[in-house]
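Subject: The structure I promised you

Hi,

Here is the structure we talked about, ready for you to open in your viewer. Have a look around first, then read on for what turned up.

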Amino acid sequence: MTNDDARKYAPATQRNREPILEVLLNVLPPNGTILEIASGSGEHAVFFAPRLKPRKWLPSEPNPQLRASIAAWSANLSCENLYPPIEIDVCAPVWSVEKDASPRWSHFDDLNDTPMTAIVNINMIHIAPWSACLGLMAGANRILPPGGILYMYGPFKVDGKHTAPSNAAFDESLRLQNPEWGVRDLNDVADAAKTQNLTLVKTYQMPANNLSVIFQRI
């Protein structure tokens, strides 16, 4: 198998990457390391990293096949601010990037001196148990400095209601696949964030009835 053979494709990435980039350019801190949680195929990482310099982009993914896809997408991209994917289980009590993890950055020495200023999470919490959302919030609380940004993208209910019939149908299909999955209510997500010193500062309407949701570490 060649490196390129490991590449996986997520069609939605081609449709949403430009609108997401526009929001990221508005909300991300101007420098530092951006940790992407649940990077999936890696198509977002290779698109965002060169367009978000001088920020450093660190993808992560628990699935080894998807980490291979991220590496394959990165192989032909000459981009010094994009780092190889690391393994992070969002529900773990300590992530591999934390100060208490040993070794912290043994494989990326130059990241030791670059503060982690933001976390980006795209299309995860609705195709994962609720515990994944709680783990994401807890990790953001541990890792981000005051003023740090947690960016989330995906479908959400608002005040207990779906924002479009297509989202309601999507929610039903997710729950049929796994009862622990489903489109989350933004109020529930914001309440979970509050318990971890994160405050909801802005939402952006996005194509295909999705939202960009911006939290800030207080």
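**A buried asparagine**

Let's begin with Asn167, which is buried, with a relative accessible area of 5%. You'll find Asn167 in helix α5. Its side chain makes a polar contact with the side chain of Thr163, at 3.2 Å. Leaving aside residues up to four places away in sequence, Asn167 touches Pro155, Phe156, His162, Val183, Ala208 and Asn209. Keep in mind while you look that this is a predicted model.

**The hairpin**

Two of those contacts, Ala208 and Asn209, take us to the next stop. Strands β7 (residues 198–206) and β8 (residues 210–217) run antiparallel, and eight bridges join them.

β7 and β8 form a hairpin, with three residues between the two strands. Ala208 sits in the turn and has a positive phi of about 60°. Asn209, in the loop between β7 and β8, also has a positive phi of about 60°, although Asn209 is not a glycine. At 33% relative accessibility, Asn209 counts as partly exposed.

While you're in this area, find Lys202: it lies over the face of Tyr204, at 5.1 Å from the ring centre.

**Aromatic rings**

How many aromatic pairs does the structure hold? There are three. In one of them, the rings of Tyr9 and Trp73 have their centres 5.2 Å apart; their planes are at 80°, so this pair is edge-to-face. Tyr9 lies in the segment before α1 (11–27) and Trp73 in helix α3 (residues 64–75), so the pair ties together parts that are 64 residues apart in sequence.

Are these two partners buried or exposed? Tyr9 counts as exposed, at 56% relative accessibility, whereas Trp73 counts as buried, at 18%. The cut-off for buried is under 20%, so Trp73 falls on the buried side with its 18%.

Phe48 is buried at 0% relative accessibility, and Trp57 is buried at 1%. Ring pairs link Phe47, Phe48 and Trp57 into a cluster.

**Salt bridges**

Side chains of opposite charge can pair when their charged atoms come close. The count here comes to four salt bridges, and these are the ones I'd look at:

- Glu80 and Lys53 meet through their side chains at 3.4 Å, N to O. Glu80 lies in the loop between α3 and β3 (116–122), and Lys53 in the loop between α2 (43–51) and β2 (56–59), so the pair ties together parts that are 27 residues apart in sequence. Glu80 counts as exposed at 59% relative accessibility, while Lys53 is partly exposed at 39%.
- Arg67 and Glu87 form a salt bridge at 3.8 Å, N to O. This pair links distant parts of the chain, with Arg67 in helix α3 and Glu87 in the loop between α3 and β3, 20 residues apart. Arg67 counts as buried at 19% relative accessibility, but Glu87 is exposed at 52%.
- Arg175 and Asp171 meet at 2.9 Å, N to O. Why are they separated by about one helical turn? Because they are four residues apart in helix α5 (residues 165–177). Arg175 is partly exposed, with a relative accessible area of 33%, and Asp171 is buried, with 7%.

A cis peptide bond joins Lys53 to Pro54, with omega at about 10°. Pro54 is found in the loop between α2 and β2.

Finally, look at Asn123, in the loop between β3 and α4 (130–143). Its phi is near 55°, a positive value in a residue other than glycine. At 26% relative accessibility, Asn123 counts as partly exposed.

Tell me which part you'd like to go through together.

Cheers

Note on methods
Residues numbered from 1 in each chain as written. Predicted model: local features only at pLDDT ≥ 70, side-chain atom pairs only at ≥ 80, totals over all residues. Heavy atoms only, no water. Phe/Tyr/Trp six-rings, centres within 6.5 Å; stacked < 30°, edge-to-face > 60°. Buried < 20%, exposed > 50% of the residue type's maximum accessible area, 1.4 Å probe, protein only. Lys NZ or Arg CZ within 6 Å of the ring centre and 35° of its normal. Pairing = 2+ DSSP bridges. Polar contact = N/O pair within 3.5 Å; in protein donor to acceptor, adjacent residues only side chain to side chain. Contact = heavy atoms within 4.5 Å.
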